[in-house]
Every structure is written in structure tokens, then in C-alpha cells.
Amino acid sequence: MRRMTVDELRREVDHAAPIQAETESSGVRLIRASGVRMTAVRWLWNGWLAQGKLQLLAGPPGLGKTTISTSIAAAVTVGGMWPDGTRAPVGSVLIWSAEDDISDTLVPRLVDAGADLDRVRFVTSSAGSFDPATEMAALQREAVSMPDLRLLILDPIVSAVAGDSHRANDVRRALQPVVDFARATGAAVLGITHFSKGAGGKAPIERVIGSQAFGALARLVLVAVQEPGEDGRRLLVRAKSNIGPDGGGISYSIEQVPVSGAEPIRATRIQWHEQVEGHAADLLAVADSTPGARSVLDDAISFLHDQLAAGAVPAKRVQESADAQGISKASLRRAEAALRVVKTKGGFNGGWIWRLPTEDVHEGAQGS
């Protein structure tokens with residue numbers, strides 16, 4: 001049999017039947033690049049939050065991550081101003097939180113931030129509590145009926161991982177439904193997470209608790225750190241961005257104020273300040289080297305005060321939240337002693353209940 005020449009082989013390929021877009025046996029699809037229409041990134045907050053993408057907000061306890069997220073949510077519901085002077089597009093927001101109570105923490109913060117509460121929905125389940133590790137597809141089916149959905153907040157994002165949050169393969173598989181939700185609905189997904197213990201001095205992305213797959217899957221990673229100085233200011237820094245500029249930050253502080261028209265209810269509020277230039281690694285390195293920078297015990301004390309500021313809480317719930325934030329049992333015990341936590345037994349078969357000493361309740365909580 002005569003061997004075909006190179007030119008004959010080329011002509012054979014040119015006249016071959018085109019590759020099928022989809023095969024019945026495997027379901028694999030091959031998309032030709034020439035048939036793809038290019039689109040620009042759609043920004044919820046230009047350079048900071050992208051629609052249709054997963055992004056993270058990470059940091060130690062007590063720096064106001066949840067308060068930042070409710071401030072962002074409020075701006076979206078009313079088309080408010082972002083800290084850089086640009087305006088948010090108006091839309092609806094979904095919030096799921098495993099760590100904060102809706103009635104005494106989240107709604108007061110939204111009200112104080114000026115949110116349109118009709119545009120905010122809290123994610124629950126007919127079974128009681130929503131589980132992001134197993135119910136993201138069901139949430140997506142509900143959310144596609146909300147054409148004005150702009151933002152989903154998941155707090156904490158680690159709860160979406162049913163497996164080992166320190167194993168890259170487990171994290172990638174678990175977060176794929178979250179990524180699919182963002183793509184299908186066009187909403188920005190903001191996952192709240194924490195820094196791992198002893199993260200000082202590490203690169204920004206390496207500080208995020210759990211596998212580095214969290215930071216790899218997110219298109220943007222924002223981090224909250226303590227700002228140098230004695231005025232208690234913090235920095236919101238862009239630690240990573242695959243779709244826009246990274247680096248730079250915005251200074252902010254946290255206030256606790258009575259909610260207008262709902263005294264004696266109090267809420268934490270974000271007060272935004274000036275923009276800060278610089279690479280994320282440099283900004284975090286300055287924060288690490290600042291005299292009086294937060295210690296592991298400082299973080300544990302701030303966390304525990306935030307947990308108990310609104311009143312008594314079951315010890316089991318506090319311990320579960322501490323585990324999720326990477327706070328060790330030893331640090332939690334030291335924080336208990338520092339705050340003089342009062343412990344009482346909750347009834348005949350009840351567990352232990354923790355509360356702050358009476359004179360400390362409602363004083364100085366800085367928000368989670």
C-alpha cells in the first residue's frame with residue numbers, strides 16, 4: 001500500500017468531517033474559539049467585586065469582615081456610593097450566615113447601613129438550617145427567578161466544603177457548585193473566611209485558612225488587616241485579582257452605634273476613610289511589623305467578646321465558631337479568663353451557657 005505524502009495528508013484532514021460539538025456517549029463538548037463572543041468583566045464594584053465570579057474576604061477575627069459585607073449589601077440594595085466615590089448598581093442580595101443571628105445582629109447592621117430590607121433575603125431551608133455543602137444547586141434554582149440578584153454572601157465559605165478544607169481536591173470539588181451559582185445567576189459571590197493561625201509574615205494568599213485552593217478558585221481575594229497607628233483603623237486590601245488591578249487598599253474604622261428608631265438595639269458600622277496605595281504584600285508586612293500588632297490572644301479575646309456582646313450564648317455554639325475561625329481551645333480558654341466569662345448550666349439537661357460579666361454587656365464590641 002502506497003504511503004500518503006504530507007500534502008495528501010493535509011488535504012485529507014481539510015476534507016474530514018468536522019468535530020461534533022457533543023457526543024451522545026460522553027457528553028463532552030468542544031467549543032471552537034472562533035465561535036466565542038468576547039465579553040467584558042461586569043463589575044459590581046469596579047476593580048473590587050465582579051458579577052458572576054467567586055471572591056473572598058479574609059482576615060483575623062475582630063476586624064469587621066461581616067460588617068464590611070453588610071455595608072456592601074446595603075449599598076447594592078439602594079444603589080449607594082462605594083468608598084472610592086463610584087456608585088453601586090441597584091439589585092437584590094442573598095445572605096447566608098452560620099455565625100451571626102439574623103434578628104439581633106445582621107438586620108440591625110443592615111438598617112444602620114441604610115439598606116432597603118425588601119431587597120435582602122436570608123437563605124434558610126425547609127429542614128431548618130441551610131447547608132451550602134449540599135444545597136447550592138437548590139439555591140441556584142431559587143435564585144434564577146431573581147433577575148435583579150447582584151450579590152450572594154456566604155459566611156463562612158468554609159462551610160461549603162463537606163470534606164477536608166485543607167485538601168485541594170476536596171475544596172475544588174466542593175466549591176464548584178458555588179462557582180456554578182455565580183456563573184448561572186450573574187451575581188457576585190462573596191465568601192467570608194479567616195486567616196490561619198500563625199499567618200503573620202506569609203504571602204497574602206497563604207494566610208487564608210484551609211487549602212490554597214480557596215485563594216486559587218476565587219477571582220479576587222480581599223483581606224482585612226490592622227492599620228499602623230494608634231487610632232484603631234483597619235485596611236481593606238486587594239491581595240489578589242485575576243481579572244483586574246491588585247494591590248492598594250481602603251482605610252476604615254468600626255463604630256458601634258444605637259440603631260435609629262430601635263433603641264436600645266446597637267449595631268456595628270463601617271466608616272470608610274482614604275484610599276491607600278501599595279502592593280498587598282508590602283501593606284500586610286507593615287501591619288505585621290507595627291508595634292502592638294494583634295497577637296493570637298488578642299484575636300481570641302476580640303472573637304469571644306463579639307460572640308457574647310449581644311447576650312448569653314450556648315458554649316457549644318461558641319466553640320464551633322471558634323473552630324471555624326482557627327482559634328485553638330487553649331486560646332479560647334485564655335480569652336475566657338481575660339474577659340471573666342460567666343458560665344451557667346442551662347437547665348436540667350441543658351448545656352453550658354456563656355455570657356460576659358454584666359458590666360461588659362453591650363460595651364465596645366467591634367464586630368466580626
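Which residue just after H2 takes a positive phi? In this predicted model, where local features need pLDDT of at least 70, side-chain atom pairs count only at pLDDT 80 or more, and totals for chains, interfaces and linings use all residues, that residue is Gly 79, with a phi of about 65°. Residues are numbered from 1 along each chain as its sequence is written, and side-chain values use heavy atoms, with hydrogens and water left out.

Helices (H or I, at least four residues) and strands (E, at least two) are DSSP runs numbered from the N terminus. Helix H2 covers residues 65-78, and its end C-alpha atoms are 21 Å apart, in agreement with the 20 Å that its 14 residues should span at 1.5 Å a residue; the expected span is 1.5 Å times one less than the number of residues. Of the 14 residues of H2, 13 are buried (under 20% relative accessible area; exposed is over 50%, partly exposed in between; 1.4 Å probe, protein chains only).

The largest nonpolar core has 44 residues, such a core being a set of buried Ala, Val, Leu, Ile, Met, Phe, Trp, Tyr and Cys residues joined through side-chain atoms within 4.5 Å. Its largest share, 7 residues, comes from helix H5 (residues 168-185). Phe 181 is among the members that touch the most others. Beyond its neighbours within four places in sequence, Phe 181 is in contact (heavy atoms within 4.5 Å) with residues including Leu 94, Met 136 and Val 189.

The peptide bond from Asp 155 to Pro 156 is cis, with omega near 5°; Pro 156 lies in the loop between strand S6 (149-155) and H5.
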